[in-house]
Amino acid sequence: MKIMNYRNKLLLALCAFLIFPMGQTTHAATVQNNFYNVVMQDGADPWVYKHTDGFYYFTKTTGGNVTIWKSAQLTTVDAAPTTVVNTGCCGIWAPELHYINGAWYIYYAKDDGDNVNHRMYVMENTSADPTQGTWQYKGQITDPTNKWAIDGTVLQANGQLYFIWSGWEGDTNVRQNLYIAHMSNPWTIDSNRVEIARPTYKWETNHSPNVNEGPQVIVRNGVISLVYSASGSWTNDYCLGLITANASSNLLNPASWNKRSQPIFQSGNGLYGPGHHSFTKSPDGTEDWIMYHTAKSNNSGWNREIRLQKFTWNADNTPSFGTPVNPNAPIALPSGEKSIVRYEGEEGTFGGIAYASQSPSGSGGMKAGHIDTADSYVEFNVNAAATGQYILLARTANGTAGGNWSNLLLSVNGGTASPFYITNKGWENWGLSTARVQLKAGVNKIRFSKGEGYGELDFFDIKPVD
């Protein structure tokens, strides 16, 4: 252990030397191996998949298409390049990206403009990279009843494929149940649907309609954990429940599935309505992580953001999530992610009427703010070891009256300023704003100045794109 600690200190020292070479004047910065738990300041229904090529492929509900983010790191997915897959109208909800038998498949819910007509659909891409090649429409995926269906996912168990989704029993929106059916191939269901769960407990039936949705599966030592979202997604009561089955059992038999009587992940630490999640691994494959959405603030309903935290396992091979981690306490980066270099907002050079002030929830108890006039700014000298693209991740806040998004203007080395967008969820309720910036080797000037509305800066992190 002492040897490992010594090596870690040497690596950090080397990293610091490469980023801050002697003879250069920069603002105070520190090498860090942590982040604050927001990875996307706007969005819902996150799906992230770590492929064998080492990249994370991410998607979420965008409403009008399926957008795929391709990221080399888990915590920087918001700044990753995107590819849009056209799906046609309307109501595109909760897409998922699966790699099955050497091809990529997107599963998504779609309607014709009327929610009652939501059904599940699938597209296929045989390219090695889902952001390349051609996506082929494979059509609707349905069982013989052809009832309302959303949130479809695929379970691979014992060499068989199963489709699991949230649907209506009839043709009216009374409740959402969870169904399973067998698949003959990744785009075809070849059995009747089987109900494996419906809302029954008080915490599942406290809003109307009653909801079980967002099923996700993870298998460990022969135990299938089907983690699902329950209660109203528009409320603080949204939470995760658990249903289990033995992988060797008849998965089309409802008796093979056992629902827990209590939620396994719910509101806590000032975060509300955690749900509709996905599972992934750290870059080095040694850690399990859950990505989920929460409300941006108390009772903010469908105004949501995306968060990420590590989880462990119970003795019975089911996942243990704990509670949503404290948003104002740093957590360790996923194992295998590169360190970041952090610049505290209060350490910048201020202009106009901008200045540093106290922050009860800020990382160092201070923040950069009052960037309120056209001549106001906070500026930093940032040293880069090499010329190239870098990811800038800033802990930002916006409490502008009216609830609208705001932006600061971000410029590098005196270049054209670009809007740096900040969602509105109140002062001291920090989010994450990101950008890709081109830096030159040596000292670079990064400036945040007055844009639309108002914004504050706790700190920002810099790390190379690759």
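Good morning. I begin with a pair of residues: Tyr49 stands opposite Tyr57 in strand β4. The model before you is predicted; local features need pLDDT of at least 70, side-chain atom pairs count only at pLDDT 80 or more, and totals for chains, interfaces and linings use all residues. Residues are numbered from 1 along each chain as its sequence is written, and side-chain values use heavy atoms, with hydrogens and water left out.

Strand β3 covers residues 47-50 and strand β4 covers residues 56-59; they run antiparallel and are joined by four bridges. Two strands count as paired if DSSP finds at least two bridges between them. Strands here are DSSP runs (E, at least two residues) and helices are runs of H or I with at least four residues, numbered from the N terminus. Together, β3 and β4 make a hairpin with five residues between them, and Gly54 in the turn has a positive phi of about 90°.

In general, most residues other than glycine have a negative phi, and most peptide bonds are trans. Asp45 counts as buried, at 10% relative accessibility. Buried means under 20% relative accessible area, exposed means over 50%, and partly exposed lies in between (1.4 Å probe, protein chains only). Another residue with a positive phi that is not glycine is Asn413, near 55°. Asn413 lies in the loop between β31 (406-412) and β32 (418-422), and is partly exposed, with a relative accessible area of 36%.

I turn now to the cis peptide bonds. One of them joins Cys89 and Cys90, with omega about 0°. Cys90 sits in the loop between β6 (82-85) and β7 (93-100) and is buried, at 18% relative accessible area. Cys89 and Cys90 are also linked by a disulfide, with S to S at 1.0 Å; a disulfide is a pair of cysteine sulfur atoms within 2.5 Å. The structure holds one disulfide. A cis peptide bond also joins Ser208 and Pro209, again with omega about 0°. Pro209 belongs to the loop between β15 (194-197) and β16 (210-220).

Where does Ser225 lie? Its place is in strand β17, residues 223-230. Ser225 is buried, with a relative accessible area of 0%. Beyond its neighbours within four places in sequence, Ser225 has contacts (heavy atoms within 4.5 Å) with residues including Val217, Ile218, Leu242 and Pro319.

Val217 and Ile218 return at the largest pocket: with Trp47, Tyr49 and Phe279, they lie nearest its centre, among 22 lining residues. Which strand supplies the largest share of that lining? The answer is β16, with five residues. Strands that each supply at least two residues include β3, β7 and β16.

Finally, the UniProt record, in an unreviewed entry, lists residues 341-463 as "domain: CBM6". UniProt positions are given in the numbering used here, feature names are shortened, and annotations may be inferred rather than shown by experiment. In the model, this span is 0% helix and 63% strand, and its end C-alpha atoms lie 7 Å apart. Thank you.

Conventions:
On a 1 Å grid over the protein atoms alone, a cavity is a set of points where a 1.4 Å probe fits but cannot get out, and a pocket is an open set with protein on both sides within 12 Å along at least five of seven lines; lining residues have an atom within 4 Å of a point.
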